[in-house]
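Let's walk through this model together, one neighbourhood at a time. Keep the viewer open and follow along as the residues come up.

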Amino acid sequence: MTDNSPLGAGATKPLRLGTRRSKLAMAQSGLIADAVSEVTGRAVELVEITTYGDTSREHLSQIGGTGVFVAALRDALLRGEVDFAVHSLKDLPTAQPEGLVLAAVPVREDPRDVLVARDGLTFEQLPSGARVGTGSPRRMAQLNAYARNHGLDFETVPIRGNVDTRIGFVRSGELDAVVLAAAGLSRLGRIGEVTDFLSVDTVLPAPGQGALAIECAATSADLAAALAELDDPYTRAAVTAERALLAALEAGCSAPVGALADLLVDGQAVNELRLRGVVGSTDGSSLVQMSTTGPVPTSHDDAAALGRELASEMLAKGAAGLMGERAL
Ligand SMILES: NCc1[nH]cc(CCC(=O)O)c1CC(=O)O
């Protein structure tokens, strides 16, 4: 049964980790490669796979948003060209494809968004007319809503590109600031360039932000079991709730939806999971922001139920109307 499985008896070749070629993907894959090598006792080699998202200059919203970076990696997994893959969980479509399993969700990094601004500027210090780059409708909606509510008048500017490109807009003086995920910068060793960490009360991160997903073929049961040693049950529960919220809103990864689940700790005991969600129009003129709590989930279904529950409350408050506004 395990004859041609990657961890089967007699298998001696390195495990093949399919990865995008971007610096961020390589950094993430490198970290997981080391961890997998440790739990399996096997060498891991990186196999570079180019995706349409890596070569296209179009805006993500135009090429379909959800999953453009992921499809090629998944095809390689399903064809058996690689044994496993590492994704940024926030880029992963919520539907789990037939034939693949989410073998592990390791401990999440800092989920927050951050500002990289010229001259060390913090968010509150952005001057009137400052140009703040982000390609994310979620970030735009929340930044613009905050500006409206606090009398700030910076301008959000749609951009795309990898981390180097985006920070480059600030270094060249084209933009005053850009907004990025802390986790990506941290994995690239560039967290020192952050000039402000945005409170999640101001900008709620994308569902799954800061977490990685390790995926393999469902037929590689022994590999999936070994990878599961890298799973963190709390991170898994949190991102399951966040992604169930996203799915129930019928929104994709480029929709203006933020979600963050975290554990509420009372004394020493972890006793509740809180889930916060936000949907907004990209100009920030309307925002549906809600929160719920439930017992710490002990199953995938319980975690997902919390997400669905909050989604239906948000839909009752008009969330669907805001998500129609997909354009940058
Ligand atoms: N959309 C691209 C993307 N996908 C994952 C990360 C960062 C790492 C993470 O959130 O886990 C980034 C860059 C960013 O948003 O700044």
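**A walk through the model**

Val163 counts as buried because its C-beta atom has 21 C-beta neighbours inside 10 Å. Here a residue is buried if 20 or more other C-beta atoms lie within 10 Å of its own, exposed if 12 or fewer, and partly exposed in between, with C-beta atoms placed from the backbone. This is a predicted model, so local features need pLDDT of at least 70 and side-chain atom pairs count only at pLDDT 80 or more, while totals for chains, interfaces and linings use all residues. Residues are numbered from 1 along each chain as its sequence is written.

Val163 is found in helix H5, residues 163-171; helices (H or I, at least four residues) and strands (E, at least two) are DSSP runs, numbered from the N terminus. Leaving aside neighbours within four places in sequence, Val163 is in contact with Leu24, Leu180, Gly184, Leu185 and Leu188. Contact means that the C-beta atoms of two residues, placed from the backbone, lie within 7 Å. Val163 and Ser22 are 141 residues apart in sequence, yet their C-alpha atoms are 9.4 Å apart in space.

Two of those partners lead us on to the ligand. Leu180 and Gly184 are among the residues that surround the ligand, along with Ser88, Lys90, Asp91, Ala181, Ala183, Gln209 and Gly210. A residue is near a molecule if its C-beta atom, placed from the backbone, lies within 6 Å of it. Strand E8 (177-181) and helix H6 (182-187) are the elements that give two or more residues to this shell. By class, the shell around the ligand has three nonpolar, four polar and two charged residues. Ala, Val, Leu, Ile, Met, Phe, Trp, Tyr, Cys and Pro count as nonpolar, Asp, Glu, Lys and Arg as charged, and the others, Gly among them, as polar.

Now turn to strand E12, residues 269-280, where Gly277 is found. Gly277 is buried, with 28 other C-beta atoms within 10 Å. Not counting residues up to four places away in sequence, Gly277 touches Leu245, Gly258, Ala259, Met290, Leu310 and Met314. Its C-alpha atom is separated by 8.9 Å from that of Pro207, 70 residues apart along the chain. Val278 is also placed in strand E12, and with 25 C-beta neighbours inside 10 Å it counts as buried. Beyond its neighbours within four places in sequence, Val278 is in contact with Gln142, Leu204, Gly258, Leu287, Val288 and Gln289.

Two packed helices are described by the angle between their axes and the distance between the axes. Helix H8 (residues 233-248) and helix H9 (residues 300-316) pack at an angle of about 40 degrees, with their axes 7 Å apart. Axes are lines fitted to C-alpha atoms, for helices over the stretch in contact, and angles run from 0 to 180 degrees between N-to-C directions. H8 and H9 are therefore oblique to each other. The residues that H8 brings to the contact include Ala237, Ala241 and Leu245, and those from H9 include Ala303, Gly307 and Leu310. The contact of H8 with H9 has 10 nonpolar, four polar and three charged residues.

Which residues have an exposed setting? One is Glu45, with 12 other C-beta atoms within 10 Å. Glu45 is found in strand E2, residues 44-48. Apart from neighbours within four places in sequence, Glu45 is in contact with Pro14, Arg16 and Leu17. Another is Asp119, which counts as exposed with 9 C-beta neighbours inside 10 Å. Asp119 lies in the loop between strand E5 (113-117) and strand E6 (131-133). Most residues other than glycine have a negative phi. Asp119 has a positive phi of about 55 degrees although it is not a glycine.

Technical notes:
Parallel < 35°, antiparallel > 145°, perpendicular 65-115°, else oblique.
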